[in-house]
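Please study the sequence and the structure before reading the solutions.

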Amino acid sequence: MGIDPGLTRCGVGVVEGTVGRPPRLVAVGVVRTPVGEDVALRLLALERGLVEWFDEYQPEAVGIERVFAQHNLASVMDTAQASGVAALTGARRGLRVTFHTPSEVKAAVTGSGSADKAQVAAMVTRILGLDAAPKPADAADALAIAVTQVWRGAATNRYAAAVAAAKGKR
């Protein structure tokens with residue numbers, strides 16, 4: 001499962017696949033929360049929506065796009081909180097949760113870490129053999145994260161563990 005965290009629209013994509021084989025689309029969509037509602041209630045609604053996705057599709061692992069610095073601090077906070085809800089929802093199920101940077105996801109699906117959203121959507125469409133790019137963009141991004149999780153998830157976890165171990169020896 002791939003998750004593009006967001007408080008207003010949280011993209012969710014589910015694919016099946018293994019390294020060396022083309023992934024197959026299982027499901028894609030977004031979990032939405034009402035903009036005017038209290039943030040705590042929106043986070044609760046997000047969790048409920050993600051729980052439904054986890055319950056229905058029973059993923060083996062989850063990849064989440066790592067929050068990156070933006071100019072709008074409020075937007076970063078909302079995205080970080082949504083990311084935490086997504087990670088917690090996966091961890092409660094005992095799943096491997098991996099965070100992927102936006103450039104890592106772009107590089108995995110397009111070959112370039114600086115690809116734009118249109119290029120990512122086009123490649124997700126091609127990789128998964130879809131007739132059209134998923135809408136909204138959050139859904140296409142979630143599928144890109146899911147594909148990255150299938151192709152690189154285990155390697156990302158090994159790298160993070162090696163970095164953590166190296167820091168611990170200092």
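**Exercise 1: The cores**

Leu 50 touches Ile 3, Cys 10, Val 12, Val 31, Val 85, Ala 86 and Thr 89, leaving aside residues up to four places away in sequence; contact means heavy atoms within 4.5 Å. The model is predicted, so local features need pLDDT of at least 70 and side-chain atom pairs pLDDT 80 or more, while totals for chains, interfaces and linings use all residues. Residues are numbered from 1 along each chain as its sequence is written, and side-chain values use heavy atoms, without hydrogens and water.

Task: state how many residues the largest nonpolar core has, and which elements give two or more residues to this core.

Solution. Step 1: a nonpolar core is a set of buried (under 20% relative accessible area, 1.4 Å probe, protein chains only) Ala, Val, Leu, Ile, Met, Phe, Trp, Tyr and Cys residues joined through side-chain atoms within 4.5 Å. Step 2: the largest such core has 20 residues, and Leu 50 and Trp 53 are among those with the most contacts inside it. Step 3: S2, strand S3 (24–32), helix H1 (39–57), strand S4 (61–65) and helix H2 (73–91) each give two or more residues to this core. Helices (H or I, at least four residues) and strands (E, at least two) are DSSP runs, numbered from the N terminus. Step 4: H1 provides the largest share, five residues.

**Exercise 2: The lining**

Task: identify which element gives the most to the lining of the second largest pocket.

Solution. Step 1: on a 1 Å grid over the protein atoms alone, a pocket is an open set of points where a 1.4 Å probe fits, with protein on both sides within 12 Å along at least five of seven lines; lining residues have an atom within 4 Å of a point. Step 2: this pocket is lined by 22 residues, with Val 15 and Gly 17 among those nearest its centre. Step 3: H5 gives the most, with eight residues.

Terms used. Buried < 20%, exposed > 50% of the residue type's maximum accessible area, 1.4 Å probe, protein only.
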